Amino acid sequence: MHGWTVKMSTPSVLAVVTVISMIPGWVLSDMRGTQGLEAQQLAQGSTHLHRRLKRGWIWKQLFVPEEDPTPRVIGQLKSDSDRGEFSIKYILSGEGAGDVFEIDEFSGEIRALKKLDREEKAFYVLQAQAINRRSNEPEEPQSEFIIKVQDINDNVPEFQNEPYVSSIPEMCPTGTTVAQVTATDADDPMFGNSAKLIYSILQGEPYFSVEPKTGIIVTSWPNMDREAREQYLVVVQVKDMLGLSGGYSSSTTVTVSLTDVNDNGPTFQRHQYTFAIPENAAVGTTVGRIMAEDGDIGINARMTYSLEDDLEESSTFSIKTDPVTQEGLVLLAKPLDYESKRRFVMTAKAANDHVDTRFLELDEFTDETMLKIVVDDVDEPPVFLSPAYEWKVPENAAVGTAAGSVSARDTDTVDNPVRYSIDKRSDITKAFKIDPNNGTITVARALDRETTNWHNVTVEAKETTQNHLSSSVVVFIKVLDINDNVPRLARDYQPYICEGTQAGELIQLLSAVDADDPVEGHHFYFSMVPEKQINPNFTIRDNQDNTASVVARRSTFTRKDRTQYLLPVVVADSGSPPLSSTSTLTVSVCSCQPTGHCPTGGVDALAIAMGVSLPALLGTVGCLVTLAVLSVLMLMVRRHRRKQQEGLEVEVKGLELPETVSQKVLYYGEPRAGGADLDFCRPVVPLRPHPRRRERRLRREDVRASIRMSLRESHLIGPEDEVFRQFIVDRLAEADRDPHVPPFDCLRTYAYEGSGSPAGSLSSLGSSSSELGPEQPACNPRPYLVRLTPWHGGGEEDTIF
């Protein structure tokens, strides 16, 4: 077997040395492998020994410097079987083959075609082949090798995580860590010193220093004071090549701030503060401001002010700290009186809220100053002896009754006279009046607690001097209650009783109200009317808790007997003297539903009975009303047209009888469950037209003719005559056989009036039937009820049963 031979360029001497140093191991390994193979073959009794040929050159890496712009030969590949007659063809493949690197197919020289950058790509993996041009067979097996880009110092170190900001407490000891700066270099840290960095301080000494290798910045100056200087700018430089000449460098700035510690106490710049305040200043008025300066800031500058010395002066004024400006606000805590005291002297003290004894003694965190406050005299309005007045007056107090007196005086040394008056806006009803000289308030008109139980009257006191200074006070007058209102039921009760109610059952629970407000509270008494204590239907039971129960006394309530009962109820209070009132309850008898509910009647009851909702029932009723109105309109149109065609019809109200006969019709209905009560005969329901209406009219004409014939001869016969009897029998039979009569019986009674009148009958029955049209109806299709003539001149009587 043949082997590869590699020739390298001069700059690759180091790589050649490295490769050569690896040869003994490979050769030794090949020799051991060959010896082992021979031993194995001998052990197996092989007659032929195949010796492994040693390669001429073993290689794995080539080197090329970065940033070299000139194309150059970086190495040569040559097979041991290459005798120089160009029978071997060299082929290069892999990363960058043909673009970055190329090989001379005849000589095997490898060239770099362009400038390389190690930071972009540090090595390339390629494959090489040697092919016999004649047989096109490989002379050497394909071999993989690496072309490594050698680093040069072509990158500047760069700081990371900029900008750098740090803070340390003031007065910190030397060597306190401030911050750490970090720089990186893109060059190869494993080759040469291109990426070996060194840190140094360009600005910030002697206060700070930096560790050359780590970039840690520490303090190098003791007791740095924030009040003297609060911020420092430290410039740090980094160099590669271990700081040697020819290397690259860069710098960064670190901003270092000193944080505050409480190393200063408060200090007043003045030994005494003087303020003036008028004597009429309101409580809470700011008298003045004092200030103790503190060089610290934030929580270390917070302080609390206090007043010391005698207790009286300290209680007249107070002091608090303004949280924004840290000033002491001196405030008025009590009213001033120039006539009593005109000057106040006290000590003000300022103390830090947070102390730190590492820097100062405890007493150095406080300071004191003197306060002097002068009171100025002013003309003051009158002052009432009491800030407010509260009186009580009974509501039945007579006009002129004194409710109370107010008093005010001028506190100035002059002591001017004072006049009193009532502010009209506080007493619109003018219920009170006041004596302008002595301040006595009296009742001016009758009071009513139920209308107004409190009167808030504002009384004004004014000086009689030229300034007319005034002040006011509120007088609260409570109107005491007396028993002057009668009690009454709490609401308008509408009790009902079901038909199945048993004796002793509760019908209604009653309660009462009273406009009065007695001190001991209300107590009401319920009872029946004294003259009607015994009521067969109901009784009132007083529950002794301001309520009463209406209880049924019997169990036979029915709507057929009676639908309503009246029950008077007497309600009395416990006042002195006691008052009472009587209210009448209307108890309705109801056919209650199974749930005990009693419909209230009207549309609501009808809706409940039909099992539909009230809106649905109202909608149905509205539709029915609309249909009815349309029907009436259509009927009126039809009647109008008929009248235009047939003319005006004459209504026949009844049979024509002689004046000697009076008619009396009695209507009777079926007996009710209650017994003997009779009612009017209901209006006749319009029936369907008789199928033989014309025949019926002819029959009625025959009837009227028969009646006239009989009546003409009635003066010749008596009531017991056979003709008269037969007439009644025929009329009765005719009514019984007629199926189209109304659904009730009508009894027509004919009375015999006599037979001896020489003037003859004046009845219309005697007139000729020709006066009526042949098709004219014999009766009014719309029957109505009238009072009939009494029989034989008798007295007035009710003929309806």
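Rings of Phe, Tyr and Trp (its six-membered ring) are taken to pair if their centres lie within 6.5 Å, and planes under 30 degrees apart count as stacked, over 60 as edge-to-face and the rest as tilted. This is a predicted model, in which local features need pLDDT of at least 70 and side-chain atom pairs count only at pLDDT 80 or more, while totals for chains, interfaces and linings use all residues. Residues are numbered from 1 along each chain as its sequence is written, and side-chain values use heavy atoms, with hydrogens and water left out.

**Aromatic pairs**

A search of the whole structure finds 14 aromatic pairs. Two of them are set out below, each described by the distance of the centres and the angle of the planes.

| Pair | Centre to centre | Angle between planes | Class |
|---|---|---|---|
| Tyrosine 207 and tyrosine 232 | 5.1 Å | 45° | tilted |
| Phenylalanine 538 and phenylalanine 557 | 5.3 Å | 20° | stacked |

The tyrosine pair links distant parts of the chain, 25 residues apart, since tyrosine 207 lies in the loop between β13 (198–203) and β14 (208–210) and tyrosine 232 in strand β16 (residues 231–239); strands here are DSSP runs of E with at least two residues, numbered from the N terminus. Tyrosine 207 is partly exposed, with a relative accessible area of 25%, whereas tyrosine 232 counts as buried at 6%, where buried means under 20% relative accessible area, exposed over 50% and partly exposed in between (1.4 Å probe, protein chains only). Both tyrosines also belong to a cluster in which ring pairs link Tyr207, Phe208, Trp221 and Tyr232.

In the phenylalanine pair, phenylalanine 538 lies in strand β40 (residues 538–542) and phenylalanine 557 in the loop between β41 (547–552) and β42 (564–572), so the pair ties together parts that are 19 residues apart in sequence. Phenylalanine 538 is buried at 2% relative accessibility, and phenylalanine 557 is buried at 0%.

**Charges over rings**

Arginine 554 lies over the face of phenylalanine 557, at 4.0 Å from the ring centre, and the charged end of lysine 121 sits over the ring of tyrosine 124, 5.4 Å from its centre. For such a placement, NZ of Lys or CZ of Arg must be within 6 Å of the ring centre and within 35 degrees of the ring normal.

**Arginine 118**

Arginine 118, in the loop between β6 (109–112) and β7 (123–132), is buried, with a relative accessible area of 12%. The side chain of arginine 118 reaches the backbone oxygen of alanine 186 at 2.9 Å. Leaving aside neighbours within four places in sequence, arginine 118 is in contact (heavy atoms within 4.5 Å) with Glu66, Val149, Asp151, Ala186, Asp187 and Asp188.

Terms used. Helices (H or I, at least four residues) and strands (E, at least two) are DSSP runs, numbered from the N terminus. A polar contact is a pair of N or O atoms within 3.5 Å; within protein, one must be able to donate a hydrogen and the other to accept it, and residues adjacent in sequence count only if both atoms are side-chain atoms.
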